There are 2 protein chains.
Amino acid sequence: MADRYQKFTSGAVGGFAARRLGLPRPELLRRFRPGDRALVGPVLTAGGGRLGKELAAVLEAAGAETGPAASPGALVFDATGLTESAELARMYGFFHDRIRTLAPCGRVLILGTPPDRTGSAREAVAQKAIEGFVRSVGKELRRGATANLLQVAPDAPGAIESAVRFLLSARSAYVSGQVLALGTVPAHSAEPAASAAAASSLASTDPTWSWEKPLAGRKAVVTGAARGIGAVIARTLARDGAFVLCVDVPGQAAALTDVAAAVRGEAMELDITSATAVPALGARLRREDLGGVDLFVHNAGVTRDKTLGRMDRTQWDTVLDVNLRAVETLTAALLDPADPLLRPGGRIVCTSSINGIAGAAGQTNYAASKAGLIGLVQALAPRVADQLGGTVNAVAPGFIETRMTAAVPLFVREAGRRMNSLRQGGQPIDVAEAVAFLAAPGSGRINGQTLRVCGQSLLGA
Amino acid sequence: MADRYQKFTSGAVGGFAARRLGLPRPELLRRFRPGDRALVGPVLTAGGGRLGKELAAVLEAAGAETGPAASPGALVFDATGLTESAELARMYGFFHDRIRTLAPCGRVLILGTPPDRTGSAREAVAQKAIEGFVRSVGKELRRGATANLLQVAPDAPGAIESAVRFLLSARSAYVSGQVLALGTVPAHSAEPAASAAAASSLASTDPTWSWEKPLAGRKAVVTGAARGIGAVIARTLARDGAFVLCVDVPGQAAALTDVAAAVRGEAMELDITSATAVPALGARLRREDLGGVDLFVHNAGVTRDKTLGRMDRTQWDTVLDVNLRAVETLTAALLDPADPLLRPGGRIVCTSSINGIAGAAGQTNYAASKAGLIGLVQALAPRVADQLGGTVNAVAPGFIETRMTAAVPLFVREAGRRMNSLRQGGQPIDVAEAVAFLAAPGSGRINGQTLRVCGQSLLGA
């Protein structure tokens with residue numbers, strides 16, 4: 001999983017050399033494997049905000065060690081009680097005293113309130129200040145530790161469990177410096193019970209459901225599933241219990257069949273830009289063995305890099321058609337008011353990109369398409385909630401080690417790998433875990449969000 | 001103004017060497033001087049959106065050359081007519097054909113609609129896609145050219161002139177890759193006529209008013225005015241016609257007096273964190289020669305850099321007190337419902353920082369304070385508009401060449417300077433021009449915004 005430089009500096013000789021030369025030594029990140037403990041531990045909590053009880057219940061349900069520890073695995077501060085900037089000193093004090101004891105691959109998690117959902121301007125200021133704080137902490141942490149901020153709207157009780165479990169586990173290894181909002185889009189009353197969980201553990205509301213197989217019984221579609229990130233998304237959703245219909249273009253048949261076989265799913269060759277894509281997909285999804293889809297992952301994407309003056313019309317159209325217009329067309333069918341393909345409580349996840357946020361030279365087409373996807377999830381979130389009690393979100397990968405990035409010239413690749421707080425590229429599994437998290441029943445109040453999976457890349461807007 | 005490397009590569013020998021070695025050659029940016037033409041030119045326009053007539057009137061009023069040109073100074077596309085992603089190809093086509101003819105220090109400007117103010121999800125997607133496009137264009141442009149997106153809410157007619165003039169002039173030399181929204185906060189009916197301009201030129205609504213002295217008759221306060229960016233802000237506001245009360249801490253008396261004398265303003269020694277700051281400032285501003293303040297620039301700021309585990313409580317408190325809490329306290333007095341110090345139509349501008357957006361190692365305190373300022377302008381914008389017909393905005397400088405940044409270690413300084421699309425640090429005047437733009441009468445519909453002045457720094461969130 002590690003790149004060659006990382007392997008070198010992880011060894012005795014390379015580690016010694018890197019230390020002496022002051023070179024970065026990227027930590028081998030701990031990643032989740034089935035059977036692992038749910039959370040990193042021990043977890044130290046403080047803060048005294050409105051989410052304290054809920055947080056304690058979540059940690060207990062997850063079997064987390066809590067209480068004093070010489071080297072905590074996670075430091076969690078409930079900052080929802082901070083209503084003016086003077087009170088930020090409490091948050092400073094908690095982390096100041098303990099941050100140097102945080103274990104390798106540890107977690108800093110702050111719970112806050114979305115600034116526009118606070119009760120006063122002073123509270124909004126204090127809550128916004130936390131964003132600058134947590135992003136700085138993420139840049140200071142070493143040895144694979146991460147820092148994130150979960151902003152919980154006041155009218156979203158009992159909804160934090162899924163996000164807390166993700167952010168305090170090895171599943172979020174490559175997510176750092178991020179602000180994730182929860183409960184900012186009104187929920188639909190018809191939302192399935194599992195998503196509208198009470199303050200106790202999700203599992204307790206449905207005895208047949210488990211955190212080990214959170215997607216059991218769900219039907220998923222993943223586009224671009226034959227290779228790279230898409231193939232790993234398919235495998236991860238299957239690991240979590242979903243049936244996966246693996247979609248990719250004709251011509252990828254061999255690789256696609258392999259992936260489908262590995263996940264005990266089904267392969268479907270389909271050009272998503274063709275006029276027949278919607279009827280073909282609709283026909284398959286409406287067959288009674290599926291009866292619609294619970295989770296649609298718009299992962300297919302292409303690049304045709306050229307600077308704008310040298311980019312021909314075909315290069316523009318190809319990227320926009322595959323990455324954006326096909327997603328719009330398929331999503332319209334998923335949400336067809338008369339007969340939606342997406343089932344009640346369903347989820348849509350789009351693969352955007354950090355370059356859709358920051359822009360990139362040579363990628364006016366790609367960045368436009370990926371920014372468009374961010375616009376799509378923001379624009380459609382209220383409708384998906386209202387119509388189906390579902391959600392639509394995006395993940396935005398940063399530098400991920402794939403065959404695509406392996407083809408990038410060495411110097412550019414090496415810069416991309418190191419220009420983030422974890423000093424390494426991410427793995428496809430890191431993106432897949434984020435998708436699985438957004439797809440999980442407990443994530444029903446996370447809607448319209450774009451979650452960066454980038455190791456806190458320096459790049460941004 | 002140029003740094004040493006830039007001077008070297010601008011010369012014959014250095015330029016030759018840099019070209020042969022493939023090193024960056026930062027352009028000497030053209031900056032505005034009184035007497036210069038209002039806009040870069042010639043200006044090529046296209047698009048056919050709802051802002052076409054307004055744009056044409058603005059360009060005519062500003063005396064811009066328009067029509068075909070071998071080497072246009074500005075390419076402006078009105079993208080407000082693009083209501084679905086397929087139509088983005090029109091924008092691509094316009095720039096594809098002309099981008100390589102753009103003059104050095106030229107301007108790309110796209111007019112769009114804020115995605116959340118569009119009429120349909122498809123339009124929101126297309127408008128959001130433009131953000132990725134313009135940020136990529138900014139990263140591709142060479143020779144000091146910039147690219148920005150002005151998102152104009154549909155219910156803000158006749159409000160673009162000030163922003164178009166700024167973004168198409170040499171005043172915005174170091175502003176690139178930015179998305180600026182206009183008309184997103186409801187305007188107050190009592191707003192002064194000059195801010196609620198009709199679709200014709202601002203100047204025509206008030207014959208005594210001119211674009212040469214846009215702040216004539218206005219009373220301004222600048223904190224932290226003795227040195228650095230603050231001193232240049234004071235000079236720039238005075239250049240534009242304002243009376244400037246220059247505020248700085250006791251101990252900066254000599255420098256402060258010099259600045260005040262240079263701007264024919266007034267010096268006031270004041271510790272803005274002291275309990276007597278509000279009464280002292282209030283007493284001065286209420287004297288009848290001033291009778292309140294039209295423009296308050298919260299520019300004072302300090303750093304006390306340490307990683308969180310080594311940052312003592314005093315270092316935390318000092319930075320939060322000066323950079324954030326004093327601003328909150330002074331702003332409360334400016335907006336005191338019973339007797340506001342800010343006059344009707346008044347403006348507040350805060351100096352935030354790119355590190356408040358992106359976070360920075362060693363700056364948990366500073367980044368929290370600067371992020372808090374972004375929260376402050378977002379939270380208070382509707383209130384300032386409603387109460388006084390005024391605005392509150394922030395500027396967020398990137399790497400600016402000052403005595404503060406000159407003290408940064410060479411390697412870090414050099415990285416900061418080059419890690420942006422213009423391959424150089426900005427000058428204090430670049431920040432001051434942005435402040436003057438937000439303060440200008442015509443900018444009354446720009447509210448709650450944070451304008452980055454960073455040369456499209458790679459750093460972001």
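Chain A can be laid on chain B with an RMSD of 0.0 Å by a turn of 180 degrees and a shift of 0.0 Å along the axis, where copies are superposed by least squares on the C-alpha atoms of residues with pLDDT of at least 70 in both. The two copies are thus related as by a two-fold rotation axis, and in chain A the C-alpha nearest that axis belongs to Gly460(A), at 1.8 Å from it. The same surface serves both copies, since 100% of the contact residues of chain A recur in chain B, contact meaning heavy atoms within 4.5 Å.

This is a predicted model, in which local features need pLDDT of at least 70 and side-chain atom pairs count only at pLDDT 80 or more, while totals for chains, interfaces and linings use all residues. Residues are numbered from 1 along each chain as its sequence is written, chains are lettered from A and ligands numbered from 1 in the order in which they are written, and side-chain values use heavy atoms, with hydrogens and water left out.

**The sheet of chain A**

- Seven strands of chain A form an open sheet with parallel pairing, in the order S8-S7-S6-S9-S10-S11-S12; two strands pair if DSSP finds at least two bridges between them, and helices (H or I, at least four residues) and strands (E, at least two) are DSSP runs, numbered from the N terminus.
- Strand S8 (266-269) and strand S12 (450-453) of chain A stand at the edges with a single partner strand each, so one side of each is left without a neighbour in the sheet.
- From one strand to the next, the twist averages 20 degrees, with axes being lines fitted to C-alpha atoms, for helices over the stretch in contact, and angles running from 0 to 180 degrees between N-to-C directions.
- Strand S7 (residues 243-248) of chain A pairs with S8(A) in the parallel sense over four bridges, and Cys246(A) has Ala267(A) as its bridge partner in S8(A).
- Helix H12 (residues 364-388) of chain A lies across strand S10 (342-351), strand S11 (391-397) and S12 of chain A, and runs at about 170 degrees to S10(A).

**A helix pair between the chains**

- The axes of helix H5 (residues 121-140) of chain A and helix H12 (residues 364-388) of chain B come within 6 Å and cross at roughly 145 degrees.
- Residues making this contact include Phe133(A) and Glu140(A) of H5(A), and Ile374(B) and Leu380(B) of H12(B).

- Strand S1 (residues 43-46) of chain B runs parallel to S2(B) and is joined to it by four bridges, and Thr45(B) stands opposite Val76(B).
- Ala69(B), in the loop between helix H3 (52-61) and S2 of chain B, counts as partly exposed at 27% relative accessibility.

**A buried serine in chain B**

- Ser162(B), found in helix H6 (residues 161-167) of chain B, is buried, with a relative accessible area of 4%.
- Not counting residues up to four places away in sequence, Ser162(B) touches Trp211(B), Phe437(B), Ala440(B), Gly442(B) and Ser443(B).

Terms used
Buried < 20%, exposed > 50% of the residue type's maximum accessible area, 1.4 Å probe, protein only.
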